[in-house]
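Subject: Structure handover and findings

Hello,

I am passing a structure on to you, together with notes on what turned up in it. Please look at the structure first and then read on.

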Amino acid sequence: MISEQLLYSLAGVGLFGIGLRATLLHHMLLLRLLALNVCGAGVFLIFIAIAYGGVEMIADPVPHALVLTGIVVAVSATAMALALGRRLQALNDE
Amino acid sequence: MSNAIIWVIVIPLLASLLCVIWSRYASFIAIISNLLTLAASILIVAQVYQSGSFNHALGSWQPGLGISLRADALSSILLLMSMIVISAATFYASAYFTDPVKRARFWPLWLMLVVALNALLLSGDLFNLYVTLELLGLSAVALTALSDNRAALQAAIRYLSIGLLGSLVFLAGVALIYTGHGTLDLVALSGMVQAEPLSQVAFGLMTAGLLIKSALFPLHFWLPSAHASAPAPVSAALSALVVKVAVYIVLRLWVDVFDLAVTPLSAMLLGTLGAIAVIWGSWQALQAQRLKLMAAYSTVAQIGYLFIFLPLIVTLPEGPLQDAAFTALLLMALTHGFAKSAFFLSAGVIQQYCGHDRIAELGGTARALPLTTFVIALSGVALIGLPPSGSFLGKWYLISSSFQAGQWWWVLVIAIGSILATAYVFRILGYAFGPGESVGRVLNWGRVEIPALVLALFATLILGFGSADLWGFISQHSDFLGI
């Protein structure tokens with residue numbers, strides 16, 4: 001019987017792999033950004049699976065804090081990449 | 001006095017916000033804050049010199065829960081180097097940007113870059129390393145995009161997406177470490193990590209992420225376009241510091257934290273990649289048509305040298321031989337930091353004076369810009385590794401360590417790399433001293449030329465003649481070296 005924690009960790013590893021593959025394959029900015037975010041979601045899922053200690057136990061707060069910080073970083077980086085992409089588009093249109 | 005460790009992060013952070021509010025006085029604020037930060041970093045080095053490495057727990061939170069800052073011989077020396085480079089580049093930038101809009105955008109980002117650099121060097125745990133690495137990447141990308149032309153924006157987007165991938169791979173390794181050991185504190189981890197599979201996989205992931213950031217061959221493809229298209233003071237900081245702190249984390253992990261998980265084979269692999277980088281980067285630098293592109297490829301090569309040291313440090317027995325190899329590595333890194341930043345600042349002067357940086361059309365530069373040409377020659381001396389530069393001693397010890405470790409083949413790589421470096425430096429000087437039409441009045445732009453001169457003097461004279469002190473400092477405080 002596979003434990004829930006392991007299942008979620010493996011799902012995280014799988015997501016990470018899918019995202020990594022797509023990041024390396026695609027050259028379009030938008031697709032690449034989506035792939036990077038999938039990749040990030042995989043890493044965050046691994047962190048959350050680590051924090052889980054069982055039904056009776058309180059989850060470990062440290063990985064949760066790390067994931068929150070990671071999400072903030074990922075969102076700002078995505079926003080910045082989109083802004084750069086728009087600026088490049090505007091320059092191309094001129 | 002451990003407060004100094006907070007000030008090097010807080011001062012630039014506050015100054016960055018002030019620059020947003022009072023953008024009219026931004027250059028003034030930036031210069032003052034960088035001088036204060038430089039003073040604080042000197043205090044940190046002095047304290048490490050007197051009493052060894054020290055920690056500071058922010059807000060008195062216990063390590064593992066709060067953010068812990070830590071300074072030791074390695075990080076404090078690199079901190080001092082980066083603050084000297086940053087201060088010189090700040091003086092330079094205060095005269096470089098003529099467009100008021102660009103200037104107003106430059107200063108807050110520039111100071112954020114300083115915050116990220118200092119926080120990264122002083123981080124005491126793996127997760128903070130990730131956060132500061134991202135901060136550094138974001139501010140570096142924004143500064144690259146400041147050139148605001150198509151080439152720069154494309155380079156910035158590539159830099160950003162590849163950097164994000166690198167830090168996510170690093171973060172995946174951090175997650176595995178937390179699973180296995182329940183802590184991310186570097187000091188606590190260095191006592192716990194053994195050569196078991198989980199730690200080795202995590203270690204491999206973190207190293208792979210960092211190799212992207214430090215642009216080791218074949219992961220260097222993003223570097224030349226980004227470094228060549230950024231504004232000159234930004235290129236100087238990117239090449240001299242931003243790439244180097246990623247190498248710093250690799251070193252910190254390899255020789256300090258994960259020393260027991262390192263296998264000779266993996267060190268040999270990185271050394272081999274470094275050797276290819278030396279030859280490939282130097283060859284590309286020789287082929288480059290533009291001055292800044294040449295400098296960027298030369299950075300790829302110089303980073304390669306640093307990785308050749310890894311298999312030697314792993315193989316050599318603990319003691320004076322290993323200390324010598326490590327100090328030589330540090331000396332090479334410091335010299336390259338000073339020399340490459342001086343080179344980029346001078347390339348910026350030439351670009352502003354001539355309106356281009358095509359190497360084949362540099363004729364007459366030596367007469368029009370004598371001081372800048374002198375600085376390029378001086379930093380060329382340091383890039384080749386001629387005496388009395390710091391990299392002469394670094395390469396000398398690299399060669400002698402190779403023989404002592406029984407790995408003579410690195411000597412061939414160093415010889416070929418040095419010959420190619422000589423060729424690309426003299427190629428520039430040949431054109432610069434040649435005849436040309438751009439012979440107007442002799443120019444002396446003190447504010448932009450003198451900072452570069454100071455940096456080049458650090459690389460050639462001060463590090464060359466002052467290396468004995470560095471040697472003593474490192475061997476006295478090399479307790480973190482424990483392979």
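This is a predicted model: local features need pLDDT of at least 70, side-chain atom pairs count only at pLDDT 80 or more; totals for chains, interfaces and linings use all residues.

Residues are numbered from 1 along each chain as its sequence is written, chains are lettered from A and ligands numbered from 1 in the order in which they are written, and side-chain values use heavy atoms, with hydrogens and water left out.

Cavities

Rolling a probe the size of a water molecule over the atoms shows where empty space is left. A cavity here is a set of points, on a 1 Å grid over the protein atoms alone, where a 1.4 Å probe fits but cannot get out; lining residues have an atom within 4 Å of a point. Grid points are joined across faces, edges and corners, and a volume is the space filled by probe spheres set on the points. Searching the whole structure gives six cavities of 30 Å³ or more.

The largest cavity has a volume of about 170 Å³. It is lined by 18 residues, and the closest to its centre are B:Leu133, B:Gly137, B:Tyr159, B:Gly163 and B:Lys213. Four helices of chain B each supply at least two residues of this lining: H5 (126-144), H6 (150-181), H8 (197-213) and H10 (232-257). Helices (H or I, at least four residues) are DSSP runs, numbered from the N terminus. H5(B) gives the largest share, six residues. By class, the lining has 14 nonpolar, two polar and two charged residues; Ala, Val, Leu, Ile, Met, Phe, Trp, Tyr, Cys and Pro count as nonpolar, Asp, Glu, Lys and Arg as charged, and the others, Gly among them, as polar.

The second largest cavity holds about 90 Å³ of space. Its lining includes A:Leu36, A:Phe44, A:Val73, B:Tyr130, B:Glu134 and B:Leu168. The elements giving two or more residues to this lining are helix H2 (29-51) and helix H3 (61-93) of chain A, together with H5 and H6 of chain B. The lining residues divide into seven nonpolar, four polar and one charged.

Core

In soluble globular proteins, nonpolar side chains tend to be buried together. A nonpolar core is a set of buried Ala, Val, Leu, Ile, Met, Phe, Trp, Tyr and Cys residues joined through side-chain atoms within 4.5 Å. Buried means under 20% relative accessible area, exposed over 50%, and partly exposed in between (1.4 Å probe, protein chains only). The largest such core has 212 residues, and those with the most contacts inside it are B:Ile44, B:Leu126 and B:Leu253. Leaving aside neighbours within four places in sequence, B:Leu253 is in contact (heavy atoms within 4.5 Å) with residues including B:Leu126, B:Phe170, B:Phe203 and B:Asp259.

Helix H19 of chain B

Which residues of helix H19 (residues 467-476) of chain B are buried? They are B:Ser467, B:Leu470, B:Phe473 and B:Ile474. Seen down the axis of H19(B), these fall within an arc of 115°, so they line one face of the helix; the arc is that of the directions from the helix axis to the C-beta atoms. The face turned away from the buried side carries the exposed residues B:Ala468, B:Asp469 and B:Gln476. The buried residues of H19(B) pack against H2 (26-51), H3 (73-96), H13 (320-354), H16 (390-404) and H18 (446-465) of chain B.

Backbone details

Most residues other than glycine have a negative phi, and most peptide bonds are trans. A cis peptide bond joins B:Phe217 and B:Pro218, with omega about 0°, and B:Pro218 lies in the loop between H8 and H9 (223-229) of chain B. Another cis bond joins B:Pro387 and B:Pro388, with omega about 5°; B:Pro388 is in the loop between H15 (370-384) and H16 of chain B.

Phi of B:Asp148 is near 60°, a positive value in a residue other than glycine. B:Asp148 sits in the loop between H5 and H6 of chain B and is partly exposed, with a relative accessible area of 32%. Phi of B:Ala215 is also near 60°. B:Ala215 is in the loop between H8 and H9 of chain B and is buried, at 1% relative accessible area.

Regards

How values were computed: On a 1 Å grid over the protein atoms alone, a cavity is a set of points where a 1.4 Å probe fits but cannot get out, and a pocket is an open set with protein on both sides within 12 Å along at least five of seven lines; lining residues have an atom within 4 Å of a point.
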